[in-house]
Amino acid sequence: MISNLTVLGSTGSIGIQSLDVARMHGLKINALTSNVRTDVLENQIREFSPRFAAVADEDRAKDLKIRVADTGTEILSGPGGVEFCASLPADTVLNSIVGIAGLVPTAAAIDAGNRLALANKETLVAGGDYITNLAKEKGVSILPVDSEHSAIFQSLQGCRDKKQVKKLILTASGGPFFGKTREELKTVTLENALNHPSWSMGAKITIDSATMMNKGLEIIEAARLFDMKSRDIDVVVHRQSVIHSLVMYSDNSVIAQLGVPDMRIPIQYALTYPDRFESPVRELDLAEYANLTFERPDNETFRCMDYCREALDRGGLATAAVNAANEKANELFRNGKIGFTDIFRSVEASLGCGYDKDNFDINDVLETDREVRARTEALWKN
Ligand code: MG
């Protein structure tokens, strides 16, 4: 078990649940970071007494500095402050920042040789080989926090030879709109989209779940984490979110990981791997579930999964492009500027941008992100 932890994005849904786990096991907190939620961060600082805390928003950082002047925590500001916290020596850095903003802090944590518990899937989607190669070079392990990837990681324990893995099977809840037609999706509202059937999550990922872009991003994330091709990663819709994902081996034996839908199990496993301890999550009682159901996803209606597969097959910066288009379109939809199915069209449009060149660095990723966001915004002007 690790003894100390840094949490990046500590005031979001995953960050708060990570601190639940840290509290239960008495982990020392080195540093905490937040984008804007300084009220929550102040309480966390008072409870966990980290040496440093960083707020990405400069004005809010100034305000927080005054409010916690009576504590021993030093307040840093801006993206540089977050990056500094990521690079402090830690047993594990848990990155639960939302979106591309998590990329540079991930790279900083790896560069410093810190073990990484990764909830920021955009890091692997946009950063791709750059991040996985950097981790290899520095000898840093990346432990998945995303529930599906944690399930696969757990189902791979005991696998002696990767050649014996035939395919990965990601489960998808299907989100609030599973079963709807493309026509019906044109008129859904933000309120409908935020109403997720089984998981309680932040707004960005809840919308990604409704479009099923989240599953597309997770196909890319799985390919990068476990070094698999897109054709060897299947998706099955499983509405109850009890089976979190599965691995099929060469003899067609399938190993799965199950549990009640609560992120604190995958969070804790990333912190305690390879060991297991008591967790704050209740026991799974399978008899509570009269039926577990499995269906094929509707790729015709929810097209983002295929766009993500296409980007993955193209390689290079194509996955950074689909991620950027989605992040921008997701934000435009949440701000009432575009309709729900316009998110699909935004992601599709980014595939035609010609970003499939190899050999890139982190600046190319950030440049692609900026360009594609601008293009996506321009697509919906007027
Ligand atoms: Mg997930």
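User: What makes up the domains of this predicted model?

Analyst: In this predicted model, the domain assignment of the protein chain gives domain 1 as 4–144. Domain 2 is assigned 146–174 + 232–263 + 275–297, and domain 3 is assigned 177–211 + 299–382.

User: How many residues of domain 2 are in contact with domain 3, and what makes that a contact?

Analyst: Contact requires heavy atoms within 4.5 Å. By that criterion, 16 residues of domain 2 are in contact with 10 residues of domain 3. The centres of the two domains, taken over C-alpha atoms, are separated by 25 Å.

User: How much area do domain 2 and domain 3 bury between them, and which residues of domain 2 lose the most?

Analyst: The two domains bury about 1100 Å² between them, with 58% of it on carbon and sulfur atoms. On the side of domain 2, Gly174, Arg239 and Pro297 lose the most area to domain 3, together 39% of what that side buries. Strand E9 (residues 233–237) gives the most to this side, with 4 residues.

User: What is the count of salt bridges between domain 2 and domain 3, and of residue pairs in polar contact?

Analyst: The salt bridge count is 0, whereas 2 residue pairs are in polar contact.

User: Why are Asp146, Glu148 and Glu218 called donors of the magnesium ion?

Analyst: A donor atom must lie within 2.8 Å of this metal. The OD of Asp146 and the OE of Glu148 and Glu218 lie 2.1 to 2.2 Å from the magnesium ion, and therefore they qualify as donors.

User: Where in the chain do Asp146 and Glu218 lie, and are they buried or exposed?

Analyst: Asp146 is in the loop between strand E7 (142–144) and helix H7 (147–155), while Glu218 is in helix H11 (residues 213–226), 72 residues apart. Both Asp146 and Glu218 are buried.

Notes
Residues are numbered from 1 along each chain as its sequence is written. This is a predicted model: local features need pLDDT of at least 70, side-chain atom pairs count only at pLDDT 80 or more; totals for chains, interfaces and linings use all residues. Side-chain values use heavy atoms; hydrogens and water are left out. Donors are N, O and S atoms within 2.8 Å of the metal (3.2 Å for Na, K and Ca); water is not among the atoms, so sites may look incomplete. Helices (H or I, at least four residues) and strands (E, at least two) are DSSP runs, numbered from the N terminus. Buried means under 20% relative accessible area, exposed over 50%, partly exposed in between (1.4 Å probe, protein chains only). Domain bounds come from an automatic or database domain assignment. Buried area is the accessible area (1.4 Å probe) that two parts lose on being put together, summed over both. A salt bridge is a side-chain nitrogen of Lys or Arg within 4 Å of a carboxyl oxygen of Asp or Glu. A polar contact is a pair of N or O atoms within 3.5 Å; within protein, one must be able to donate a hydrogen and the other to accept it, and residues adjacent in sequence count only if both atoms are side-chain atoms.
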